[in-house]
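Dear colleague,

I am handing over the structure below, together with notes on what was found in it. Please read the notes alongside the coordinates and the sequence.

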Amino acid sequence: MSLPIDEHVNAVKTVVVPAAGMGTRFLPATKTVPKELLPVVDTPGIELIAEEAAELGATRLAIITAPNKAGVLAHFERFTELENTLEERGKTEQLGKIRRAAGLIEAVPVTQERPLGLGHAVGLAESILDDDEDVVAVMLPDDLVLPTGVMERMAQVRANFGGSVLCAVEVADEDVSNYGIFKVEDAEGAGEDPDIKRITGMVEKPAFEDAPSNLAATGRYLLDRDIFDALRRITPGSGGELQLTDAIALLIDEGHPVHIVVHRGKRHDLGNPGGYIPACVDFGLSHPKYGPQLKRALTQIMIEHGVFAEQDITDVAQGASG
């Protein structure tokens, strides 16, 4: 049974997770394993997203999947036979790990029959929303935004300003052409908080000289329910895809308040091996069990590859201890 919206601490009941992509950048690994189930150390990326959604106070995870990606939803089911085997063998730590996903949040499948864009995927989630939901969160599973908690801050901004709230990160000048970039102005009523801005426009992957800022969109959205009407009114772009940014731009043009929260922490891109590997290293180094061993291994690897000389490592260690 769905809880009423006033029992959700941040007034967010549903988090939409688009997960219908083919994961082509990870082939051949993703021939049979969905990209969202690739582990960051020992936890699949989709479970990290579910944990973040639960921290926000949401109770429903609407996972947008392709017809051949049932395995993503299966991760949130109970595996009684495996659980019984682990319990009989006294493996309580492993038992807790495999039960964890099913207890985090209710995972609801929404099938996207054809890959028609992020906007199309988000639009499909409207069918499972309850009448009392006037906002929906979207979390892209490719993006890990650390430390978690930015969605809670975004919910506070929405409570103050209404409308929709997006997450932004500052990127280097040479990287602006790789992202959707926000055109912003100071948010009236934000006081002296420099990390809250009102969006006046968005430019997709601009040249550096055309970029209105260096504030780039990242994969966290808190969208007013009006987004679904906007998605119905935009036209498909190249490849027949509906772009979420086009619908947000339409809301902005029509005077809907849309703000950003600038996140000052880390962002890992799990959507390609070049971002996935650093994420695993970052999580691994902070892991209480694997961290110390990984630090030693990485030190040796960097010496072997000529990144550091052994004397450099010794000097750094002595400087830290002194």
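The lining of the second largest pocket divides into 15 nonpolar, six polar and ten charged residues, where Ala, Val, Leu, Ile, Met, Phe, Trp, Tyr, Cys and Pro count as nonpolar, Asp, Glu, Lys and Arg as charged, and the others, Gly among them, as polar. About 710 Å³ of space lies in this second largest pocket, and of the 31 residues that line it, Asp42, Thr43, Pro44, Glu47 and Arg100 are the closest to its centre. The elements that give two or more residues to this lining are β3 (43-44), α1 (45-56), α4 (92-104) and β7 (143-146), and the largest share, six residues, comes from α4.

As to the terms, pockets and cavities were found on a 1 Å grid over the protein atoms alone: a cavity is a set of points where a 1.4 Å probe fits but cannot get out, a pocket is an open set with protein on both sides within 12 Å along at least five of seven lines, and lining residues have an atom within 4 Å of a point. Grid points are joined across faces, edges and corners, and a volume is the space filled by probe spheres set on the points. Helices (H or I, at least four residues) and strands (E, at least two) are DSSP runs, numbered from the N terminus.

Please keep in mind that this is a predicted model, in which local features need pLDDT of at least 70 and side-chain atom pairs count only at pLDDT 80 or more, while totals for chains, interfaces and linings use all residues. Residues are numbered from 1 along each chain as its sequence is written, and side-chain values use heavy atoms, with hydrogens and water left out.

The largest pocket holds about 1,600 Å³ of space, and its lining has 50 residues, of which Arg25, Lys35, Leu118, Leu140 and Asp142 lie nearest its centre. Two or more residues of this lining are given by each of α2 (70-74), α5 (118-124), β10 (196-204), β11, α8 (244-253) and β13 (266-269), and β11 provides the largest share, four residues. By class, the lining of the largest pocket divides into 20 nonpolar, 16 polar and 14 charged residues.

The structure holds one cavity of 30 Å³ or more, and the volume of the largest cavity is about 80 Å³. Five nonpolar, one polar and three charged residues make up its lining.

Strand β11 deserves a separate paragraph. Nine of the ten residues of β11 (residues 215-224) are buried (under 20% relative accessible area, against over 50% for exposed and in between for partly exposed, with a 1.4 Å probe and protein chains only), so the strand is largely enclosed by the rest of the structure. Strands pair if DSSP finds at least two bridges between them; five bridges join β6 (residues 135-139) to β11, the two running antiparallel, and Val136 has Leu223 as its bridge partner in β11. Another five bridges join β8 (residues 164-170) to β11, again antiparallel, with Leu222 as the partner of Val165.

What surrounds Arg158, leaving aside its neighbours within four places in sequence? Arg158, which sits in helix α6 (residues 150-161) and is buried with a relative accessible area of 15%, is in contact (heavy atoms within 4.5 Å) with Asp134, Val135, Gly163, Val165, Leu222 and Asp224. A polar atom of the Arg158 side chain lies 3.4 Å from the backbone oxygen of Asp134.

Some backbone details remain. Most residues other than glycine have a negative phi, and most peptide bonds are trans. The peptide bond from Leu27 to Pro28 is cis, with omega near 10 degrees, and Pro28 is found in the loop between β1 (14-18) and β2 (39-40). The bond from Leu146 to Pro147 is also cis, with omega near -10 degrees, and Pro147 is in the loop between β7 and α6. Lys205, in the loop between β10 and β11, has a positive phi near 50 degrees. Ala11, in the segment before β1, has a positive phi of about 60 degrees and counts as partly exposed at 35% relative accessibility.

With best regards

Key
A polar contact is a pair of N or O atoms within 3.5 Å; within protein, one must be able to donate a hydrogen and the other to accept it, and residues adjacent in sequence count only if both atoms are side-chain atoms.
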